[in-house]
Amino acid sequence: MDKRSYKYIGRNVTRFDAVDKVRGRFPYLADEPFPNALFGAVLFSPHANAVVKKIDVSEASRIEGVEILTYLDAPNARYNGSEWFPGQDDYPDETVLTGHARHVGDRIALVMADTEEKARKARDLVRVEYEILPAVTLPETAADMAGMLHEDGVKSFDGSICYGDLEKAFSSAAYIESDTVTTPKIHHAAMETHSVLAIPRGDVLEVRTPCQITFGVQYSIAQVLDMPLSKIRVIKANMGGTFGGKQEVVFEVLCAWAANRLKRPVFINTTREETILSTRTRAAVKGKVETALDADGTILGRSFELIVDAGAYLTGTKKVMMAMGKKASRLYRIPALSYKGSVVRTSTTPAGACRGYGSPQIHTITEIHTDLMCRRLGFDPVQFRLKNLLGEFEEDPSGGANIGKARVIECLSRGAAAFGWEENKAPKVSGGRFFTATGFACCTHGNGYYKTKYHDFSNMSLRLLEDGSAILRASIHELGSGATTALAQIVGEVTGIDVSKITVTEADTQFTSYDSGCQASRVIYVCGECARLVSEAAVKMLTQEASKLLDRPVRFYEGGLVCEGKKLDLGAAVREIMEKRRVSIEVNFEHRPESNPASFGVHFAEVTVDKLTGLVKVNRYLAIHDIGQAINESFVRGQIYGGIQMGIGMALSEELPFDSMGIPRVRNFDKYHLVNAPDMPDPEIILIEDNEPGGPFGAKSIGEISTVPVSAAIVNAVNRALGSSLTDLPLTPAKVVEAARNMGE
Amino acid sequence: MTGLFAPRSIEELLSLLAGSGEHEKHFIAGGTDWLIKNRGNISEDAVLFDLSKIPELRGIENRGSYLRLGSMETMTSIHTDPEIRLHAAALCDAASSMGSVQIRNRATVGGNLANASPAADTPGALAALNASAVIFSPSGTKELSIEEVLGTCPNKNTLSDSDIIMEFRIPVRKSHVSAFKKIGSRSEVSIARINLAVSAKYEDGAFCDAMVFVGTLGTAAKRSPEAENALLMPISLRKEGFKKALCEFAGRMIPSRSTLPYKQSAIQALAEDVLEMLEARGRSLEKSGEKSHG
């Protein structure tokens, strides 16, 4: 099909929620108090590693109507909030409440009252005596101190990936180059803080939560409450951003348990500080990478050793660590590889999913290393990469899915030309202290779970209604990216139905069918393809039923029903089929992808470094993405803008540091510095749309990958500007000043 | 129960103050710092006084020898005022670079001084402009320097509970130029890591009568005599001398602070930038002087 003839694909359809959001009318969970709900204020530990010796709730419980549940009341069942399906073997080390606080912000008790004010006041009246234990703050020594933090004494959670003859690669190498890069612990900074509402309804427990995987929430609750999955109804609530921060289960189990126990609705809401200290973060990583090259600069082999900081609980951090390793063989042709990762627990805020699920960390490590290696060996960083990048449909030697219609070489060569790499690659100095240079980085990310250890499929049903409108019943979790509108565009393109007449549901475990969740960059590639296929099936059923009705051949042509050259009204056809044939046009379809290609991106940044202030200004920015096909270009651009904003923060200013006692140095946005609008570049965006097989209309992922190459591009630009080898992120002004001071020494 | 009063005159404020007895008192100017500090923890019997509705605390006017600046004027009203821009450019710089648009619309110059954060922006600018603060109390008014109001303790001013900052008086001085700049973590909506305010008389490219104040080195406005002297140096030596003097000054003020190496570097950038602003303003002052004479 000729792309130009698309009615909706690639068009900038306005998202369903746009008007309400702009007017401030879009209701989030915290905006609509639920009748008779208790507000739950969590009592968080002020200590990093401490055992509760005594908890005295007498004063707090004297306030009328206050309900208090402490760790002494809580079930001992341990769970891992990153698991989203029974049998996933993530080590369970978390409980709903704990008498052993393992980080500042760990959950000791839940204090509930009819108002937030009363609940928080009562919470502050609970007296807790702690025995303070040594904090575990350094990942390097965390394994040796493991027994102090967790009674299980597990030192670390290790994993490895290897293939090829690494020994031979390194022994035959002309060059062996190595760097160590550290990436910071980061707060997701979604506008909406964490909240959840649980409502007991007869034998069913209803939980409303702005989450990414309703079936995962259902499973976590079932583990602790010992209830059948069918009796736990999880409804995806309107969400004000997640970036992975709401992918794992954090307060849902606690809220569900409390509501079930008290037989009253319970609503837990958190402040920014509480969300920063007690939910999830991007895992901090220290990674050593070593590359063996032949004399021409062809990669012979690469080895990794990573320490990944899970924070106080394992959460999904081992998954993240393994995901990092699995990305290592999907960008460059690496004949032999060894990846060793060690996840340790420290007495800091837990890590977990965060946009890119390890991709930003691993590609930041390798792309900074690649630039520094090229500089040391005298290779041009563009030419070096062009020589080693993967071409289309190459296999992943680690056993992952075929990489698909890779266009990363086009991304890099077009980007280098568009950004003027050759003309701008030499750093420039002005005013004695301003150093300007260009940097770039390449990256890859996935499109679902196919050929990983996790199953991937989606089940949807589409009903064409008697007025010619349509409902797609799907377990979508709108994260704010516009996914529901994008799916409506896909349904509209196939059925010819006007997008404004199509409703796409979000997940409700009682009414929508199974889906692996809005994670792993799978929504457009997997759910979008499911939406396309269920739409085709519905059209097929409609034409068959219409043919039977009219006893003449009815075809679907150019977005409408045609019978012997005459156009039929879709709504009228559906009505008549329902009336006369007693058949409704509804189909159910399950899509099981047989591919999981790579998406690719290359970002270029020109920065000016002030060597006296250490401030880095991003002057120009270019993002090029191999996305197969944009379903809605304005959504794609929105994802890229946001991805750049997050990546610059990781490169320059965002971090959650802790002192030696495990006390957070940063608790709020006064000291947590996100890049704001005045400091954002106005990025140029180029999309390479070359139709990825297996995706709807050739589309593949953009949401996560758009933040993956950013930090490395910025750091590489700074290092080129100063001739420095900065590898400890973020490059705060103090670090930049110190590096600049050493220039030329 | 917490009480809130919004008096419409100084007189009304005084009688309310007198009537509030031993209750804990809070004065709210723009509220931008107060809200963050006190949200959720105001004692039940506290009394709040909203000062923003008192007309005597408002107004910006040129009174010949000085500018009168009401303490409840906001950052926005200050940096958009032509008299301030003309005679108190450093204050204009400071007010326009503080916080976000929303904060600037609420935050007041009196509140900024009273809050006495070491990272505050306008106190240094006012001090460099040799401004005084007129303090009203039931026992009478007094005029204090900015440094006297700030004292030596960070986050605590020297005024008593019944003292009200009424207005600032900024001398209108012929041939004087001034400038302010800060460095934060971002170019906007950022708390100063260090800031620098300077005023000086400008004549044929040379400076005299300089006043130099640095913020964040303990309090919001620390005067640096060595930097003032350096500005008097011959033009060829001035820039390096000014940078060196400020660097030494920072070392003297916070000798053992871990942030010293960074602040010493950043203050040199401020020195360069502020000097450039002063020179440019001096040149355009001379130009406009020539024009009006010619």
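Which residue in β21(A) does Ser461(A) stand opposite? I looked there first. Ser461(A) faces Arg473(A). I note that the model is a predicted one.

**Entry: the sheet in chain A**

I traced the strands around that pair. β20 covers residues 458-464 of chain A, and β21 covers residues 470-476. The two run antiparallel and are joined by four bridges. They belong to an open sheet of four strands, in the order β22-β21-β20-β26 (chain A). I recorded the pairing of this sheet as mixed. At the edges I found β22 (502-506) and β26 (586-591) of chain A, each pairing on one side only. From one strand to the next, the twist averages 20 degrees.

Next I asked which helix lies across β20, β21 and β22 of chain A. It is α15, residues 483-495 of chain A. Its direction makes an angle of about 140 degrees with β22(A).

**Entry: the sheet in chain B**

I moved to chain B. Here four strands make an open sheet, ordered β9-β10-β11-β12, with antiparallel pairing. The edge strands are β9 (176-183) and β12 (222-223) of chain B. Each of these pairs on one side only.

I then checked β10 (residues 194-203) against β11 (residues 206-215) of chain B. Eight bridges link them in the antiparallel sense. Within this pair, Asn195(B) stands opposite Gly215(B).

Helix α5 (residues 89-97) of chain B lies across β9 and β10 of chain B, at about 25 degrees to β9(B). Helix α11 (residues 235-253) of chain B lies across β10, β11 and β12 of chain B, at about 30 degrees to β11(B).

**Entry: where the chains meet**

How many residues of chain A are in contact with chain B? I read off 16, and they touch 17 residues of chain B. The area buried between chain A and chain B is about 1400 Å². Carbon and sulfur atoms give 49% of that area. On the chain A side, Arg433(A), Leu612(A) and His673(A) lose the most area to chain B. Together they make up 33% of what that side buries.

I searched for charged pairs and got two salt bridges across the interface of chain A and chain B. In one salt bridge, Arg433(A) meets Glu272(B) at 2.7 Å, N to O. I also logged ten residue pairs in polar contact across the interface of chain A and chain B. Helix α20 (residues 733-741) of chain A gives the most to the chain A side, with four residues. By class, I listed seven nonpolar, three polar and six charged residues on the side of chain A that touches chain B.

How values were computed: Residues numbered from 1 in each chain as written. Chains lettered and ligands numbered in written order. Predicted model: local features only at pLDDT ≥ 70, side-chain atom pairs only at ≥ 80, totals over all residues. Heavy atoms only, no water. Pairing = 2+ DSSP bridges. Contact = heavy atoms within 4.5 Å. Axes fitted to C-alpha atoms, helices over the stretch in contact; angles between N-to-C directions. Buried area = accessible area lost by both parts, 1.4 Å probe. Salt bridge = Lys/Arg side-chain N within 4 Å of Asp/Glu carboxyl O. Polar contact = N/O pair within 3.5 Å; in protein donor to acceptor, adjacent residues only side chain to side chain. Nonpolar A, V, L, I, M, F, W, Y, C, P; charged D, E, K, R; others polar.
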